[in-house]
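Here is a briefing on one protein chain. Look through the sequence and the structure, then read the points below.

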Amino acid sequence: MFGGLRKKLSEAVKDLIKKEADKTKDTAEEHAPGADAEKMHAAPEPIPLPNQKEVKSEESKAAAVTATHERNAAHMEEKAARREREEELVRLSLKTKLKGIFSIGIVLNENEIDDFSENIKVSLLQSDVSYDTADAFTENLKSRLRSAKLDSKNLKKELVGEVRSALFDVLNSVRPSIDILDAVGRSGADGPVKILFLGPNGTGKTTTMAKIAHMLKSKGFTCVISASDTFRAAAIEQTEHHANKVGVPVIKSNYGADPASIAFDAISYAKSHKLNAVLIDTAGRQETNKNLIHEMEKMVRVAKPDIILFVGESTAGNQLSEQVKEFAKFMKIDGIILTKLDCDAKGGNAISIAHTTGIPIAYIGTGESYDALVRYTPDFIVNAIMPNN
């Protein structure tokens, strides 16, 4: 889940950190001691001996030589001490300069920001994020980096923080997603909450409905399933199988029966048994099949669902956005359930579909078990893509 995208984004961050480290190294070398410092290590010039003509005698000559050596030794000691003091000053000066180099805040230039943002954008596009979403994200990231003063000691953490913030901005740009547990809990005496599930064939719609039933039951709510897919072979048996597994009743009829009438019967059953929710299955259909779309419109008119959820595969790529948009032309979709995210190494739809369609993700399917259904939150997505560590 998100493995490919997480790796690509991490590599982009590492690449920028390396460039900054190389730049800092070059700056440090410019401040290193040069030829003047090397001159300090040169041996001191000896003081010349006095003119021998001025020495009147051997004794005077010996005394003069001794005095000269003593003066030379004292002079050399003084010069060595002065050289040691000067070298210490150089070391302190260099240490101060380097400390300043490595501790100041880093301000990225425009070329660095453009290169980094472009690397991130390409990574998003390669991971099935829509172009509009990737573009909005990178523009947001550029704006953040232009005004950011990054701590060189924590450069990785700060870059990751900027990427995470830009991701949060994209994911929070649509209305909050619907919470089924909250909706059912607030229904009270108003009767059962009616939830209609729609989407293309093969997306895991019936299994997802069973997961919702399991979730409701685990929280103390009661529900019934309407087996309104009377079109696909074995659909009713599949619905019964899942319902029996999670322990909820099923209202069904024969294949070819009117799906809307079955939904109506299930709603009546829920009212008479004072159940909290009705989960209405539907035949899988492509957005291009207008006859089945019109049948769906009839179900909406008859059942009057409180919540309509579109179930789509994460692995469908950018096609998923087009499917959702087409269905939304005929009925109001309240949320998206994104299935099979555990099978999708790219995971781009989890980032872009809400931004592209304006319809929030409600839940995410992360496996085959009935517990493998996660309430969607931006934190879940951002932490999976770019962990804050």
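Apart from neighbours within four places in sequence, Phe 116 is in contact (heavy atoms within 4.5 Å) with Ala 12, Val 13, Leu 16, Leu 141, Leu 145 and Val 163. This is a predicted model, in which local features need pLDDT of at least 70, side-chain atom pairs count only at pLDDT 80 or more, and totals for chains, interfaces and linings use all residues. Residues are numbered from 1 along each chain as its sequence is written, and side-chain values use heavy atoms, with hydrogens and water left out.

**Phe 116**

- Phe 116 sits in helix H4, residues 110-126. Helices (H or I, at least four residues) and strands (E, at least two) are DSSP runs, numbered from the N terminus.
- Phe 116 has a relative accessible area of 2%, so this residue is buried. Buried means under 20% relative accessible area, exposed over 50%, and partly exposed in between, with a 1.4 Å probe and protein chains only.
- Ala 12 lies 104 residues from Phe 116 along the chain. The C-alpha atoms of the two are separated by 6.6 Å.

**Whole protein**

- The protein has 14 helices and ten strands.
- Of its 389 residues, 42% count as buried.
- Take the contacts in the protein with a separation of 6 or more: residues 24 or more positions apart account for 77% of them.

**The sheet**

- Eight strands form an open sheet, in the order S5-S4-S6-S3-S7-S8-S9-S10, and the pairing is mixed. Two strands pair if DSSP finds at least two bridges between them.
- The edge strands are S5 (250-251) and S10 (373-375), and each pairs on one side only.
- Strand S3 (residues 193-198) pairs with strand S6 (residues 277-280) in the parallel sense, over four bridges. Leu 196 stands opposite Ile 280 in S6.
- S3 also pairs with S7 in the parallel sense, over four bridges. Here the bridge partner of Leu 196 is Ile 308 in S7.
- S7 (residues 307-313) and S8 run parallel and are joined by five bridges. Glu 313 has Thr 339 of S8 as its bridge partner.
- S8 and S9 (residues 361-365) run parallel too, joined by three bridges. Ile 337 stands opposite Tyr 363 in S9.

**Burial in S7 and S8**

- Six of the seven residues of S7 are buried, and the strand is mostly covered.
- Why is S8 (residues 335-339) described as largely enclosed by the rest of the structure? Five of its five residues are buried.
- Both faces of S8 are covered. Gly 335, Ile 337 and Thr 339 are buried on one side, and Ile 336 and Leu 338 on the other.

**Helix H12**

- Helix H12 (residues 319-328) makes a right-handed β-α-β unit with S7 and S8. Right-handed here means that, with the strands pointing away from the viewer, the path from the first strand over the helix to the second runs clockwise.
- The buried residues of H12 are Leu 320, Ser 321, Gln 323, Val 324, Glu 326 and Phe 327.
- Cover for these buried residues includes S3, H11, S7, S8 and helix H13 (349-357).

**Helix packing**

- H10 (residues 259-272) and H11 (residues 290-303) pack at an angle of about 25°, with their axes 9 Å apart. Axes are lines fitted to C-alpha atoms, for helices over the stretch in contact, and angles run from 0 to 180 degrees between N-to-C directions.
- That angle makes H10 roughly parallel to H11. Angles under 35 degrees count as roughly parallel, over 145 as roughly antiparallel, 65 to 115 as roughly perpendicular and the rest as oblique.
- Pro 259, Ala 260, Ala 263, Phe 264 and Ile 267 of H10 make the contact with Glu 295, Lys 298, Met 299, Val 302 and Ala 303 of H11.
- The axes of H7 and H8 (residues 205-218) come within 11 Å and cross at roughly 55°. That makes H7 oblique to H8.
- Ile 180, Leu 181 and Val 184 in H7 meet Ile 212, Met 215 and Leu 216 in H8.
- H7 (residues 180-187) also lies across S3, S6, S7 and S9, running at about 150° to S3.
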